[in-house]
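User: I am new to this structure and would like to learn how to read it. Could we go through it feature by feature?

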Amino acid sequence: MSENIINATDATFDEIINSDTPVLVDYWAEWCGPCRMIAPILEEVAGEMSDKVKVAKVNIEENKDIAVKMGIRGIPTLMVFKNGEVLDQHVGAVSKGQLVDFLNKHTA
């Protein structure tokens with residue numbers, strides 16, 4: 001992971017999402033092909049939009065409590081949080097353009 005992406009865990013998740021800056025959380029797993037496909041896109045967007053949004057990743061295999069708490073049923077799942085509240089979510093892979101559009105709705 002790059003310096004622009006936060007690795008969220010069961011222990012750090014609540015602290016990370018309780019931010020007045022929007023936080024994009026990517027729920028993923030090592031074995032998930034679409035998750036690996038969007039990883040470079042997340043890296044790019046995390047760098048390009050670092051002034052507007054934080055990006056965090058949660059490995060659902062290593063952090064099962066978060067996956068259960070957030071009701072994750074399919075991956076990748078992308079959720080945008082602000083001040084601990086879910087603003088939006090998307091299940092499935094996205095293109096860079098789709099991801100930027102998704103985030104711009106909450107960073108304007």
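User: Which helix does Arg36 lie in, and which residues is Arg36 in contact with beyond its neighbours in sequence?
Analyst: This is a predicted model. Arg36 lies in helix 2, residues 33-48. Leaving aside neighbours within four places in sequence, Arg36 is in contact with Glu30 and Trp31. The C-alpha atoms of Arg36 and Gly97 are separated by 17 Å, and these two residues are 61 residues apart along the chain.

User: In what order do the elements of the chain run?
Analyst: Reading from the N terminus on, the order is β-α-β-α-β-α-β-β-α. The chain has 4 helices and 5 strands.

User: How do strand 4 and strand 5 pair?
Analyst: They pair in the antiparallel sense over 6 bridges, strand 5 being residues 85-91. Met79 stands opposite Gln89 in strand 5. The two strands form a hairpin with 2 residues between them, and Asn83 in the turn has a positive phi of about 50°.

User: Is Thr77 buried or exposed?
Analyst: The cut-off for buried is under 20% relative accessible area. Thr77 has 3%, so Thr77 is buried. Its place is in strand 4, residues 77-82. Not counting residues up to four places away in sequence, Thr77 touches Val25, Asp26, Tyr27, Ile72, His90 and Val91. A polar atom of the Thr77 side chain also lies 2.4 Å from the backbone oxygen of Gly74.

User: Which residues touch the most other members of the largest nonpolar core?
Analyst: The general idea is that in soluble globular proteins, nonpolar side chains tend to be buried together. Here the largest nonpolar core has 21 residues, and Phe13, Val25, Tyr27, Met70, Ile75 and Phe81 touch the most other members. Helix 1, strand 2, strand 3, helix 3 and strand 4 each supply at least two residues of this core. Strand 2 gives the most, with 4 residues. Met70 touches Phe13, Tyr27, Met79, Phe81 and Val86, not counting residues up to four places away in sequence. A second, separate core has 16 residues, including Ile41, Leu42, Val45 and Val55.

User: What radius of gyration does the chain have, and what would a compact globule have?
Analyst: A compact globule with 108 residues would have a radius of gyration near 13 Å; the chain has 12 Å, which agrees. The C-alpha trace spans about 30 × 30 × 25 Å along its principal axes. Buried residues make up 46% of the 108 residues. Of the contacts in the chain with a separation of 6 or more, 73% are between residues 24 or more positions apart.

Conventions: Residues numbered from 1 in each chain as written. Predicted model: local features only at pLDDT ≥ 70, side-chain atom pairs only at ≥ 80, totals over all residues. Heavy atoms only, no water. Buried < 20%, exposed > 50% of the residue type's maximum accessible area, 1.4 Å probe, protein only. Polar contact = N/O pair within 3.5 Å; in protein donor to acceptor, adjacent residues only side chain to side chain. Contact = heavy atoms within 4.5 Å. Core = buried A, V, L, I, M, F, W, Y, C linked by side-chain atoms within 4.5 Å. Pairing = 2+ DSSP bridges. Rg over C-alpha atoms; globule rule 2.2 N^0.38 Å.
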